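Please keep the structure open while reading.

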Amino acid sequence: MLQRYLPILTWGRHYHRGLLASDLLAALIVTIMLIPQSLAYALLAGLPPEVGLYASMLPLLAYGLLGSSHSLSVGPVAVVSLMTASAVGGIAEAGSISYVQAAALLAMFSGLFLLLMGVLRMGFLANFLSHPVIAGFITASGLIIALSQLRHLLGLPGQGDNLLEIALSLGQQLDNINGYTLAVGLPVLLFLFWVRSGLQPLLERLGLSAYTAAMLSKAGPVVGVVLTSIAAAVFELGDKQVALVGQVPSGLPSLGLPTLNHPAWRELLSSAIFISVIGFVESVSVGHTLAAKKRQRIDPNQELIGLGAANVASSLSGGYPVTGGFARSVVNFDAGAATPAAGMFTALGIGLAAILFTPYLAYLPKATLAATIIVAVLSLVDFSILKKTWNYGYSDFIAVASTLCVTLLIGVESGVACGVFASLALHLYKTSKPHIAVVGEVPGTEHYRNIQRHNVITHDEILSLRIDESLYFANAGFIEDRLYALLEDYPHSRHVVLLCTAVNEIDLSALEALESINERLAERGICLHLSELKGPVMDVLSNTDFLQQLSGKVWLSHHLAVSGIAAAMNQQAAADSNWDI
């Protein structure tokens, strides 16, 4: 039981020097990447830059102890930072003490909610947000984030929670663009775009191995940070109205509980639920992908506990909500991280950076951090999901398009709510009108297929129906109406056989519908049969008197049902013929 909730007791037992070397190398690379990223995402969340560093220390230690993924790297991420800004922005002024306290309380609520879900084994809830919905939400969030950071590149004040508000705010102030800020931010932006695609091939041409070149290319943002900080100091860009990070407190964060009696705790609680769900789904998706590459597995319920502990740790150390980041986790994986200890070593690296290097961040232009954010989030934008879902199925397209549009036009929390509602509503709609096929025997086999797709053998007096869905309250009425309509099309039917290969469950509403169907068919001299019922469904029906009232039989296979009924009808016909003679 202890190993189940403390995975470190499992992998730590087999830890050795080889794993230590791999984890230390991965930690070094991720630390170099994470420092500018943490500062940038804190800026995106409306928080002082050091808060991003604080959110990258204890959370990594907590997840290393309790998380189930060996490669997931936890910390500030773009989407959660945007959601934090949206949640806290309406409560306090960005950057103020009240704002920081609210963000820490938001992390505490998020952590406690995740822990509660983990204890209750509710990891299955991740399935209620489909991948297309998540892709639509992340694409819209990426666009909002990128547009919101343009104000830092242009040296303009700006505000807004959605695409229209931000665009309108920027458009009204284009005459006030700060040329010095643009001269800093634009070259960094272009440099970082080039680093993503051009630096690694260049390093490989210079003779470096593909692995070394790939790892060095991840340090591109650090180069931008160093060069622009030097330029800001040498040319005194702060005096030219270029926004700088300013003095960043050095040292480790102090520990303490957030202000629990915050006047807006109810609003923060609802926002924390949305953040928790999105963060959990993103983390589990990344964790599953990376684990599969190593033939490992993650436990969604343990991930809830690990992420919950990480968020509580972030709150206690003055941070804000965190989750597993895709880009950072991929780098951690590619760098050779073998165990969660890599994340714990990364936390130590961030701690050393907070002690030794924070005084040098005073001259760092905010435009550099904005460029870092824009390059990072535009890689999340994926409009191809619209084409894929359009070609595949209208329901997925509606879910993606509605989530994307609501997020862009109203805001991130409304987008999440829309995504959840659209996923559930479309699922209910599709399952409420299940596909029902009239089937017949494929000649020379015991297989039964749709009569509209195959040349099959049928019997005038036997109506074979395959229901391609479980039977429950939402589709019970539809199935009943559809069956009666088909009987009108097949007036000579004396037997109805329901092929139940796709039926995994029959709830009470559906059972009552079956009882009604059985009674009405019996009144018309038609027998109702069931074939290929699954064991769990049969167990449930055995606890009722439905099987005793059934006018027909329950058959092991559909072929046995049709052949048995046909044989019985032939015997009855022969007996009737002999009687007439």
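In this predicted model, Cys-500 has a relative accessible area of 4%, and because buried means under 20%, Cys-500 counts as buried. Cys-500 takes part in no disulfide. Its nearest cysteine sulfur belongs to Cys-527 and lies 16 Å away, whereas a disulfide would need the two sulfur atoms within 2.5 Å.

The structure as a whole holds 0 disulfides. Cys-405 is likewise in no disulfide, and the sulfur of Cys-418, the nearest one from another cysteine, is 8.8 Å away. The relative accessibility of Cys-405 is 40%, so this residue counts as partly exposed. A disulfide is a covalent bond between the sulfur atoms of two cysteines.

Next comes a helix. How many of the 12 residues of H6 are buried? The count is 9, so H6 is largely enclosed by the rest of the structure. The buried residues include a run of Ala-78, Val-79, Val-80, Ser-81, Leu-82, Met-83 and Thr-84. Ala-87 and Val-88 are buried in H6 too. The length of the helix can also be checked: at 1.5 Å a residue, H6 should span 16 Å, and its end C-alpha atoms are 16 Å apart, which agrees.

H8 gives the most, with 5 residues. This second largest pocket holds about 750 Å³ of space. It is lined by 32 residues, and those closest to its centre are Leu-44, Gly-46, Ala-85, Ala-94 and Arg-151. By class, its lining consists of 17 nonpolar, 11 polar and 4 charged residues.

The largest pocket remains. Its volume is about 1,100 Å³.

Note on methods. Residues are numbered from 1 along each chain as its sequence is written. This is a predicted model: local features need pLDDT of at least 70, side-chain atom pairs count only at pLDDT 80 or more; totals for chains, interfaces and linings use all residues. Side-chain values use heavy atoms; hydrogens and water are left out. On a 1 Å grid over the protein atoms alone, a cavity is a set of points where a 1.4 Å probe fits but cannot get out, and a pocket is an open set with protein on both sides within 12 Å along at least five of seven lines; lining residues have an atom within 4 Å of a point. Grid points are joined across faces, edges and corners, and a volume is the space filled by probe spheres set on the points. Helices (H or I, at least four residues) and strands (E, at least two) are DSSP runs, numbered from the N terminus. Ala, Val, Leu, Ile, Met, Phe, Trp, Tyr, Cys and Pro count as nonpolar, Asp, Glu, Lys and Arg as charged, and the others, Gly among them, as polar. The expected span of a helix is 1.5 Å times one less than its number of residues. Buried means under 20% relative accessible area, exposed over 50%, partly exposed in between (1.4 Å probe, protein chains only).
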